[in-house]
There are 2 protein chains.
Amino acid sequence: MPAQIRIALDAMGGDHGPSVVIPGAAISLVRHPDLAFGFYGDEAVIRPLLESRPALAAVSSVHHTDVAIRMDDKPSQALRYGRWKSSMWLAIESIKKNEADAAVSAGNTGALMAMARFCLRTMAKIERPAIAALWPNLRGESVVLDVGASIGADASALVDMAVMGAAMAHIVLGVERPTVGLLNVGVEEVKGLEMVREAGRILRETNLPSLDYIGFVEGDDIGKGTADVVVTEGFAGNIALKTAEGTAKQIAGYLRAAMSRTLMARIGYLFARGAFAALREKLDPRKSNGGVFLGLNGIVVKSHGGTDAEGYASAIDLAYDMVKQDLMHKITESLSFDHRAAAARASNADVA
Amino acid sequence: MPAQIRIALDAMGGDHGPSVVIPGAAISLVRHPDLAFGFYGDEAVIRPLLESRPALAAVSSVHHTDVAIRMDDKPSQALRYGRWKSSMWLAIESIKKNEADAAVSAGNTGALMAMARFCLRTMAKIERPAIAALWPNLRGESVVLDVGASIGADASALVDMAVMGAAMAHIVLGVERPTVGLLNVGVEEVKGLEMVREAGRILRETNLPSLDYIGFVEGDDIGKGTADVVVTEGFAGNIALKTAEGTAKQIAGYLRAAMSRTLMARIGYLFARGAFAALREKLDPRKSNGGVFLGLNGIVVKSHGGTDAEGYASAIDLAYDMVKQDLMHKITESLSFDHRAAAARASNADVA
């Protein structure tokens, strides 16, 4: 029997807690029979949900705790009352104890990042962890990072993100040497923030073996799918992600209004029902649910707080893929190529 | 006869030059018979286009120059060969000479901003000019700034933008005291970049009479229409704008593909043609074409470079409204309320 992939689940995280987490795990288990789960949270709620799912129960353990992190607590508050004992903390800690290969939580993002940093620590060569999102585009999908952890990241952190994002894209997209673009306000080398220009210079000059740096990309390149990996600092990345979500909802709203406006439109809608279903599926945010925390000594995946069981299963699937295809090893390997030294050499050559 | 609104047009700007600029002016003139135009550019191309439009020709003057700014030149290059003599420069300069009330160009944004700053200078209390865009949302429209001029703006520049954006929203949306939100990665006061938090503190404490500060907003609030004015630094603002444009194109692409996939979908499309036309109109980027440069001693509007005559006419309409309803005066008036002193007072009160 091959080794199981062990995922720790913060059963209390998210808007719906165990009522989404447990059915989500059941869905993911059907797709990946080599999964095993540790559920962290209120045993009295978790057990009954497991009992009605014997296949899931057979590969699951339950770890009781009364403490759950609230969705609107500040990270510092959450750490204060939730460290060592909350369902979120215990799920993360199980990675450190080698009782799990990855953790998934739909809880408070800030608290999850704070606890993951505190518990797992950043990888040896990484200064700042990042959150990477899968972003659907016209050509398929891309990895966009950072979508909110590294507010004000510098050039060196952006280069680290390029390396980590490429390792993730290698797994998710199955591309040997993913293309990487730096998000900027123009494609010319003279444009944008100094840190972005500097990161571009380092990536160009070091020409890393694990990724194909294609230069600056702009906001509209994300939807086009110009690059497999789009790298940006956390403030702009978070705003880009949420603006895109907002725009998608806005257009869906326009479309709904247009299709119910006249009788002819409603008849048209009936004929084209299949097409609208396909469109809805294409735009389904549950399909690409899951932000991967990169740069920590362990794999932590953040699910959307408001998602349903199907969406939660996508987040588990993502964690599964990252473990199965050894994300941690791929990042370590890429980082062992010392890009800073290479950049310094390239830079000195410039001066000489 | 009431005073005319005089608009200077850079006839050579944009991807299509006079073949879009002159028909665009003709469209706008029908809507606003009190318009008058100065066309700056190649007389040999402009004259024939005017001759076939006698109503437009009757309110227009032509100012010949051989020099046109190229779309891909750096601002420094453009200034070097285009200052004093290019069609772009001359259109801007006509404001300074009081031969026009506003200028419109579809040319190179960076060059246009550099020339406008050089020629018109920033307003007395303004440190950095900004570009404000009209952004369609589920409730109507909002003013979003800065979408690309003030890369790395500080707290004080963000406060100036709030004031200027509110003055513009007052005109465009007809709201007495527009609501203003600061774009951030969360709505809590502890979140985000220091400069954004500081700007939030100033806006909250000064409680300006010209605007209603509602706190931080996130990327998805732009599409929802949570605030009349959304303020952000130019890097994040440009990325938000282009990401939204990219997302809209992406969804339009999905929709087209879905509607042509099956016979039933194509039949449905035929029935719902009117609804799709309404949707297209709703998403038509030409309707909200035009970025207004704020903070200069004069009104300059940037049209999209690739737009058609209809889109160009929207940019002229926008310039017309700004002049007609006296944007410059509204900004000066708002700025005469010394928000920095008020903030200092509020801050001292905090300490005491």
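First, the ground rules. This is a predicted model, where local features need pLDDT of at least 70, side-chain atom pairs count only at pLDDT 80 or more, and totals for chains, interfaces and linings use all residues. Residues are numbered from 1 along each chain as its sequence is written, chains are lettered from A and ligands numbered from 1 in the order in which they are written, and side-chain values use heavy atoms, with hydrogens and water left out.

Start with chain A. Its open sheet has 11 strands, with mixed pairing. The order is β3-β2-β1-β4-β11-β10-β5-β6-β9-β7-β8. Strands here are DSSP E runs of at least two residues, helices are H or I runs of at least four, and both are numbered from the N terminus. Two strands pair if DSSP finds at least two bridges between them.

Which are the edge strands in chain A? They are β3 (60-64) and β8 (212-217), and each pairs on one side only. On average, neighbouring strands of this sheet are turned by 25 degrees against each other, direction ignored. For angles, axes are lines fitted to C-alpha atoms, for helices over the stretch in contact; values run from 0 to 180 degrees between N-to-C directions.

Contact means heavy atoms within 4.5 Å.

Now β5 (residues 130-137) of chain A. Is this strand mostly covered or mostly open? Mostly covered: 7 of its 8 residues are buried. Buried means under 20% relative accessible area, exposed means over 50%, and partly exposed lies in between, with a 1.4 Å probe and protein chains only. β5(A) is joined by 4 bridges to β10 (residues 291-294) of chain A, and the two run antiparallel. A:I131 has A:F293 as its bridge partner in β10(A). β5(A) also pairs with β6 (residues 140-145) of chain A, antiparallel, over 6 bridges. In that pair, A:A133 stands opposite A:V144. A hairpin through 2 residues joins β5(A) to β6(A).

Next, one residue. A:L203 sits in helix α8 (residues 194-206) of chain A. A:L203 counts as buried because its relative accessibility is 2%. Leaving out residues up to four places away in sequence, A:L203 touches A:V159, A:A162, A:L182, A:L208, A:L211 and A:Y213. The C-alpha atoms of A:L203 and A:V163 are separated by 9.6 Å, though the two are 40 residues apart along the chain.

Over to chain B. Its open sheet also has 11 strands and mixed pairing. Strands β5 (residues 130-137) and β10 (residues 291-294) of chain B run antiparallel, joined by 4 bridges. B:A132 has B:V292 as its bridge partner. Helix α7 (residues 155-173) of chain B packs on the sheet, at about 155 degrees to β6(B).

Last, the surface. Which residues make the nonpolar patch of about 350 Å²? A:M264, A:F271, B:M264 and B:F271. Helix α11 (263-271) of chain A and α11 (263-271) of chain B each give two or more residues. A:F271 is partly exposed, with a relative accessible area of 30%.

Patch residues have over 30% relative accessible area and no salt bridge; like charges are joined within 9 Å, nonpolar side chains (Val, Leu, Ile, Met, Phe, Trp, Tyr) within 5 Å. A salt bridge is a side-chain nitrogen of Lys or Arg within 4 Å of a carboxyl oxygen of Asp or Glu. Areas come from the Shrake-Rupley method with a 1.4 Å probe; for residues, only the protein chains shown count as cover.
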